Each structure stands twice: as structure tokens, then as C-alpha cells.
Amino acid sequence: MLIRGSIMPFSEYVALDAINMTTLLAMLTSPKEYLYRKTHPRADTAAYRLGRLAHCALLDPMRLLEDFIVSPFDSFRKQVAQDWRDEQTAAGKTVITQVQMQAAREMQRAVWAHPIAKRHLLEGDPEATFTWTDPRTGLACKGRADLINGSLIDLKTTRHPHPEAFGRDAIRLSYHVRMSYYQDGIRHASAQELPVVLVAVQSSPPYDCAVYPITEEVLDEGRKTYEKLLDEVRICADSGNWPGVCEDKEI
């Protein structure tokens with residue numbers, strides 16, 4: 001099933017009872033880590049907030065002022081500032097600083113000035129949710145694409161978009177595993193065979209950007225990894241045993 005992002009808010013996506021890639025990647029550490037991450041989402045940080053802000057500014061700018069609000073306070077040490085922050089959070093808004101908003105605007109301008117990146121991001125369906133049943137394991141899976149427009153587009157904020165630096169980050173963060181999972185999920189959900197493109201935008205001045213199509217050979221390697229991880233989840237779920245990193249072997 002493929003659902004437009006405008007129809008399913010992110011909060012509803014999170015509530016879907018299915019495996020998401022971020023949690024699945026915790027299996028690379030251990031099944032115990034995976035089980036913990038299922039019920040303990042990662043803590044919000046300034047870097048994560050900036051990433052979400054950049055995604056909104058570039059992929060769905062009409063929602064920028066609906067989802068984010070700039071804090072009028074220099075800090076949240078005083079009670080009045082804490083109360084204001086809590087009120088905004090309860091209303092569903094992400095509180096950001098003026099510096100973060102300015103950075104998002106600069107990233108937006110940089111991408112629109114980059115003809116290839118602009119072509120990939122200008123149109124499409126942002127934040128589209130897709131769900132499917134993995135045919136090998138029978139596990140319920142879910143994903144949320146940054147943008148679908150004839151290609152599967154993933155926007156990445158990065159310290160530097162240079163091929164060597166970004167390539168190291170891509171391997172370390174398992175981007176090829178994530179994107180092969182998404183590519184297969186969209187195929188199962190909608191029968192679409194989509195090429196995968198990463199758009200990398202620098203998160204600090206000069207806000208450079210670059211576009212990286214992912215080859216099928218690289219996606220095949222990612223596919224081997226995510227299939228192995230799903231197999232391990234299936235085995236652990238059937239046995240009820242979720243071992244840590246060293247419970248079944250000596251180091």
C-alpha cells in the first residue's frame with residue numbers, strides 16, 4: 001500500500017505496527033539493541049531537528065511554518081521559556097532557533113541554484129508512506145520516502161557533499177541498505193520500479209550540494225544486508241530470544 005505523505009502525518013506513520021529501516025539497522029549491533037530501539041526512539045537533537053527542518057524547507061515548504069516555530073528566547077533556563085517550549089511541543093510544533101531557520105533557508109537557496117538537484121526535487125510526492133509484507137519472512141514492513149517522482153529521491157544533509165567524504169558517511173550510515181529496502185518496499189506496495197537518487201546538501205556554509213544516483217550493483221549489496229537482518233529478526237521473534245553482542249560467543 002502506498003499512501004501520500006499529505007494524507008498520513010508522520011505521527012500516524014510512527015504508530016504503524018511494522019518494521020522500519022532505522023530500527024532494523026540496530027540489528028547490525030545486536031538483536032538486543034534492535035528490541036530496545038523498537039520501544040525507545042532515538043532522542044531528539046539539534047542535528048536531527050536541522051535535518052527535519054531542511055527536509056521540510058526543500059520538499060514541502062508550504063508546511064514549514066505549520067510544523068516549525070522559531071524560539072523568541074535565547075535559552076530555556078527560565079520557567080517562562082520552558083512553559084512556552086512545552087506549549088509549542090504539545091501543539092505539534094518543533095521548536096528551532098533563528099540560526100537553524102537561516103541555515104534551512106540557505107540550504108533551500110543552494111539547492112534551487114543547483115540545476116541538477118533542483119530538477120530532482122522540484123516536483124513529486126513528498127513523505128510518501130508505503131507498507132508491505134516481506135515475502136521471504138512474512139514480516140510487516142514500512143517505509144517513508146522523502147520524495148517519489150519517477151525516481152526514489154532521498155535528501156541527505158551532510159558535513160560535506162564531496163564524493164569521498166559523503167561516500168564514507170554513506171557507508172557508515174548504511175544508505176545503500178536503507179535505499180534498497182525502500183526501493184523493494186515501493187515495488188511490493190505499488191509495483192513501481194524506481195531508480196534511486198541521493199541529493200546531498202551541506203548543512204553549513206557554503207551549503208554546497210551534489211547529486212548521486214545509486215547503481216543497481218550497490219543496491220544489490222544493500223539488499224543482501226537488509227534481507228539478512230530481516231531473517232535474524234524472524235529467527236529471534238520465533239524463538240523469543242534476543243541476544244546481545246556477546247551472549248553466544250567469546251571475544
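**Cores and a pocket**

Q: What makes the largest nonpolar core a core, and which residues have the most contacts inside it?
A: The largest nonpolar core has 38 residues, and Ile19, Met21, Leu24, Leu152, Met179, Tyr181 and Val233 have the most contacts inside it. It is called a core because its members are buried Ala, Val, Leu, Ile, Met, Phe, Trp, Tyr and Cys residues joined through side-chain atoms within 4.5 Å. Buried means under 20% relative accessible area (1.4 Å probe, protein chains only). The model is predicted: local features need pLDDT of at least 70, side-chain atom pairs count only at pLDDT 80 or more, and totals for chains, interfaces and linings use all residues. Residues are numbered from 1 along each chain, and side-chain values use heavy atoms, without hydrogens and water.

Q: Which helix supplies the largest share of this core?
A: H10 does, with 7 residues. Helices are DSSP runs (H or I, at least four residues), numbered from the N terminus.

Q: Where is another core?
A: Apart from the largest one lies a core of 27 residues, among them Met107, Leu147, Val201 and Cys209.

Q: What does Ile19 touch?
A: Beyond four places away in sequence, its partners include Leu24, Tyr34, Tyr181 and Val233. Contact means heavy atoms within 4.5 Å.

Q: How do the residues lining the second largest pocket divide?
A: Into 10 nonpolar, 3 polar and no charged. Ala, Val, Leu, Ile, Met, Phe, Trp, Tyr, Cys and Pro count as nonpolar, Asp, Glu, Lys and Arg as charged, and the others as polar. H9 gives the largest share of this lining, 5 residues.

Methods: Helices (H or I, at least four residues) and strands (E, at least two) are DSSP runs, numbered from the N terminus. Buried means under 20% relative accessible area, exposed over 50%, partly exposed in between (1.4 Å probe, protein chains only).
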